Amino acid sequence: MWNNGAMKNHSERPTTDSPPCPRRSLDSWDVLEALAREVQDFSIKDAFAGDSRRFKKFHAEACGILLDFSKQTVTPDIVTQLIRLAQDCDLAGWRARMFGGDAINESEERAVLHTALRAPEGVPVMTGGRDVAAQIHETLGRMKAFSRTIRAEGRFRHIVNIGIGGSDLGPHMANEALKPFTAREIDIHYVSNVDAAHLGEALRVCDPQATLFIVTSKTFTTQETMTNAQSAKAWLQDNLKREDVREHFVAVTQNIAKAEAFGVSGGRIFPMWDWVGGRYSLWSAVGLPLCLSLGFAHFRAMLDGAHAMDRHFAEAPLEENLPVLLALTGVWNRTFLGHSVLALLPYSQLLHKFPAFVQQLDMESNGKSVDREGRRVSYPTGPIVFGEPGTNGQHAFYQLLHQGTTIVPCEFIAVGQSEYDFEGHQSKLLSNVIGQSKALMDGQADSDPQKRFEGNRPSTTLAIKRLDPFTLGALIALYEHKIFTQGVIWNLNSFDQWGVELGKAIAGQVLKHLEPGGAPGRLSSDESDSSTLGLIEALRDAP
Ligand code: F6P
């Protein structure tokens, strides 16, 4: 527990000269710290035994998603205080500022308007005194027309999206999740890693004549993406025996000049905007590969599902608000009970990329130790997020979830209906997801300590009837708003990512010594540590 001896990590300690932390001086914060001490002996299993209405009290439903948080270490009083905390932190005000186009990404002086991308036509979207709704709908219109033409022509049978991070994970995850809705005659690949193996393996099965590359990069300067794009261009030029291969390229970017300089024609450049962050950009032209693979109508249904969740988040009372409840139980576990990890466990093979997508969304947004005002925070913020689909994970890391020394709160995702007809699979899958949350909670007594399960391990389950484009859109928006809500409570700017810059800069310095012709030993021990020098020596010019 955070305030009961769990401050193990030096980086999480407030410094002695820190100014008083405004969050910790909130009355609701104080009360929650006291409640966290009281629940030391709380048994989730006993709470069910003592209250037949516990599930009724601790579940909510919206947009085709049921959220069951009754297996968390919560009481009605704790939930009331968590909601008070959200109010004290002005969640309603921050939410209004986000939807209203204010520059809430202060360090980059940008608005945060991914929600506007899924709003229906006719709704004005104001930011910086301008209505940007027309650009959004014009771009959607272009995406619709372009994807219809490409699908109707049938010339391009292979689509390769080149992008990384937010320019890869969102569309890639959604493409996998909605595979049953895709046009099977289009073979789609997502290439992100600068490791040549990624591009190389994708291109092995592509016919150059029939391959369309989408280069997706907000900045059009990202090392991995530009390296892959250049190699893709060279591959086409070599195989097609001509210089001009521009008809095989489309770009999605904010940096029009760089895309044109690369060789993409103006009409084939789709815009990105500074008021949409990379990891929130799936709803923009970054979703173009989805339009090609799924068809525009399915993409629109995804936008509609996300918009329905936006409305729910904006309008539902906090006590019934899915993103808020999911966020608050997360804050309770992370900040007040001191659980540092979150396992995200979709029981759907189609959602196999969902944990990686949410990992970026969560850890790049809230993996921060400085608040909006630049002060070091004195409480734990974003958790370590990892996950794998069930049942696979059960045969890998669940041992630790059940009997390890670290308590790992879990978020299960269960999907009622399968899109595939093999008999008996779905009931087995569902029995496992429901059984796991019960096993984690119940535990098991045994005279043999090796076989004993302590139980009382908290989990939340999201139950959805069918994984269709609408529900997937709602599910993604649920996580976006969960992470936003947590950022508000932790007083973080969830929309910048300065922490990724240093590694990129140092990799740039090291690169000079690894590229062909790089001078061995030019990085002297005055400039670097012996490990860095030793690794460069060991790896450069590897046979
Ligand atoms: O390195 C982090 C990051 O900036 C992400 O936030 C972003 O999604 C990704 O790189 C890709 O950036 P870009 O779209 O500019 O290529």
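This is a predicted model: local features need pLDDT of at least 70, side-chain atom pairs count only at pLDDT 80 or more; totals for chains, interfaces and linings use all residues.
Leu 535 turns up in helix α19, which covers residues 530–539.

Aromatic rings come next. Searching the whole structure turns up 20 aromatic pairs. Take Phe 58 and Phe 69: their ring centres are 5.5 Å apart and their planes meet at 55°, so this pair counts as tilted. Phe 58 sits in the loop between α3 (54–57) and β1 (59–62), and Phe 69 in the loop between β2 (65–68) and α4 (76–88). The two are 11 residues apart, and the pair links distant parts of the chain. Both Phe 58 and Phe 69 are buried.

Phe 146 and Phe 270 make another aromatic pair, this one edge-to-face, with 65° between the planes and 5.6 Å from centre to centre. Phe 146 belongs to helix α6 (residues 133–153) and Phe 270 to strand β9 (residues 269–271), so the pair ties together parts of the chain 124 residues apart in sequence. Here too, Phe 146 and Phe 270 are both buried. Ring pairs also build a cluster, made up of Phe 99, Tyr 280, Phe 313, Phe 484 and Phe 495.

Some rings have a charged neighbour instead. Arg 54 places its charged end over the ring of Phe 48, 5.3 Å from the ring centre. Arg 97 does likewise with Trp 94, lying over the face of the ring at 4.4 Å from its centre.

Finally, a glycine. Gly 64 is found in the loop between β1 and β2. Its relative accessible area is 45%, which makes Gly 64 partly exposed; a residue is called buried only under 20% and exposed only over 50%, so 45% lands in between. Leaving aside residues up to four places away in sequence, Gly 64 touches Ala 463, Ile 464, Lys 465 and Thr 471. As for Trp 273, which is 209 residues from Gly 64 along the chain, the C-alpha atoms of the two are separated by 30 Å.

How values were computed: Residues are numbered from 1 along each chain as its sequence is written. Side-chain values use heavy atoms; hydrogens and water are left out. Helices (H or I, at least four residues) and strands (E, at least two) are DSSP runs, numbered from the N terminus. Rings of Phe, Tyr and Trp (its six-membered ring) pair if their centres lie within 6.5 Å; planes under 30 degrees apart count as stacked, over 60 as edge-to-face and the rest as tilted. Buried means under 20% relative accessible area, exposed over 50%, partly exposed in between (1.4 Å probe, protein chains only). A charge sits over a ring if NZ of Lys or CZ of Arg is within 6 Å of the ring centre and within 35 degrees of the ring normal. Contact means heavy atoms within 4.5 Å.
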